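Here are my notes for you, in the order I'd go through them. Have the viewer open and follow along.

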Amino acid sequence: MAAVRMSSVRSAVMLAAVLLGVFAAGQCTEQVPLLMWTSSGFSSAPWSDPAAGHTVSLSELQSYLNTAFRSAPHNVLLFFQDKLSVDDFTKYAGVFGNKQGSAFPNLEMNLQSSSSLFLPSVSSSASASLPTLLQDELNTAPLYMDPDTLAQLRLNASLPALLIFNLPYSSSGADMMSVKEVLSGNDEVIGQVLRIMGNQPVPYTAIYTALRPSRVIEEVFPEVRSVGARSLLQYRREGSPAPYAPVEFKERGSTCILLWAKNLTVSEYRSGKWERHNLGPKTFGEGVSPKLEGSFCNATHSRLVLNYENVLSYRSFKLIFVMSQRHYKVSARRWFTMDRVQLEYDGKTASFNGSRNIYAPAEYSYRCHSVTSFRYPQLTPRSAKDGANDWRVAFDDFQIQGFNVTGTEFSYASDCAGFFTPGIWMGLLTSALMVLLLTYGLHMIMQLHTMDRFDDPKGPAISVPQTE
């Protein structure tokens with residue numbers, strides 16, 4: 001596990017060395033820094049310096065957290081910024097005694113007064129999974145907070161808590177506020193939260209990282225294969241192509257099932273905590289050939305079986321995707337659904353139902369940024385007594401096609417993201433309310449009538465009888 005102690009962000013020499021080390025690897029895309037510190041009175045275990053340019057992976061970050069929380073407080077404050085890079089510390093932190101020009105005064109003060117750790121290069125996919133890792137490590141649900149809400153919350157030192165604070169990031173010139181002003185505002189939020197925590201007799205562990213880097217150096221890969229309207233090796237996020245080809249299952253010499261994912265993670269609940277295992281390295285990558293015994297496909301049914309060994313101490317472990325397709329009269333077209341995702345381990349079975357949420361036109365592939373059995377689940381246990389209730393599955397950047405495969409490339413992808421997002425619904429409802437008010441106003445205006453009699457100052461006054 002890669003980590004290094006950092007006494008202060010203001011140390012320009014150390015930050016420059018880290019930055020040069022990251023650049024030396026030649027691959028600076030999708031890497032974010034991670035800062036971790038504890039409240040006074042707690043210290044972290046010593047860690048060796050990371051190798052120059054080494055990027056912390058998901059499994060390494062999980063191992064690091066397991067070790068860190070053996071001694072660190074279990075009340076965790078996660079400051080999750082939209083974007084962050086080591087360059088932001090180098091450019092905007094107070095260096096060479098220039099405290100007045102620093103955008104991180106509160107962060108620097110807390111790093112100096114407590115035990116702190118610094119990971120200069122963490123995979124953005126690992127940092128994006130940090131809330132899930134912390135949730136599994138602490139065995140508690142996250143609470144999304146702001147300083148005003150935290151001020152009304154009373155924490156218990158004996159019960160773990162995961163408090164997440166989302167922080168923005170601004171690109172210079174794109175918004176009215178500069179990057180330094182936004183970072184200064186975020187630092188003020190961090191300082192306000194830590195002052196509130198200081199007024200409570202509850203120790204805490206704080207983590208500051210980001211979802212993705214603010215500065216990305218694009219890499220050039222030798223092969224980028226087109227797969228219709230979407231590409232498996234296309235720029236999936238911020239110009240980064242996928243590093244490996246999909247799993248292919250062939251029937252009678254032609255490919256009939258394709259599968260790709262960034263991570264295939266399975267977790268089992270044991271001894272009061274979730275134990276995780278990522279099957280991705282055993283499934284995808286150069287020189288990796290997963291065993292597909294038991295797979296088959298025909299015109300109406302497909303079954304992809306991934307066979308593994310020694311997963312979570314099970315000698316035999318299978319991850320199975322069961323799909324089918326049929327014609328639907330309402331839409332007048334054929335659709336394919338993922339009926340089940342099964343786990344078979346040493347003779348036992350856990351089955352998740354996915355037919356209600358995972359589907360696409362038969363000639364398309366299905367793609368989703370995250371397919372899980374928890375936290376907005378698309379996969380649910382088939383019954384209350386099924387073994388799946390003791391398991392969790394999570395597939396990141398998942399894409400699958402079980403029918404109508406042409407060549408070795410995915411067809412156009414039907415994405416799981418719905419068109420009517422909460423923002424769109426809010427806009428439609430607001431517009432409808434405005435139209436209703438406008439219609440009511442026009443109706444009231446049309447009901448106005450002009451006077452039919454006027455008073456003549458030279459003639460007799462108009463008399464209006466009381467009975468009229």
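1. Start with a charge and a ring: the charged end of Arg392 sits over the ring of Phe374, 4.6 Å from its centre. "Over a ring" here asks for NZ of Lys or CZ of Arg within 6 Å of the ring centre and within 35 degrees of the ring normal. Arg333 does this too, lying over the face of Tyr364 at 5.9 Å from the ring centre.

2. A word on what you're looking at. This is a predicted model, where local features need pLDDT of at least 70 and side-chain atom pairs count only at pLDDT 80 or more, while totals for chains, interfaces and linings use all residues. Residues are numbered from 1 along each chain as its sequence is written, and side-chain values use heavy atoms, with hydrogens and water left out.

3. Now the rings. The whole structure holds 17 aromatic pairs (rings of Phe, Tyr and Trp, the last by its six-membered ring, with centres within 6.5 Å). Phe89, Phe104, Phe118 and Tyr208 are linked by such pairs into a cluster.

4. Which residues touch the most other members of the largest nonpolar core? They are Trp37, Leu61, Leu77, Phe79, Phe104, Leu134 and Tyr208, out of 58 residues. Helix α8 (residues 179-198) gives this core its largest share, seven residues. Another core lies apart from it, with 47 residues, including Ala261 and Met323. A core means buried (under 20% relative accessible area) Ala, Val, Leu, Ile, Met, Phe, Trp, Tyr and Cys residues joined through side-chain atoms within 4.5 Å. Helices are DSSP runs of H or I, at least four residues, numbered from the N terminus.

Methods. Rings of Phe, Tyr and Trp (its six-membered ring) pair if their centres lie within 6.5 Å; planes under 30 degrees apart count as stacked, over 60 as edge-to-face and the rest as tilted. Buried means under 20% relative accessible area, exposed over 50%, partly exposed in between (1.4 Å probe, protein chains only). Helices (H or I, at least four residues) and strands (E, at least two) are DSSP runs, numbered from the N terminus.
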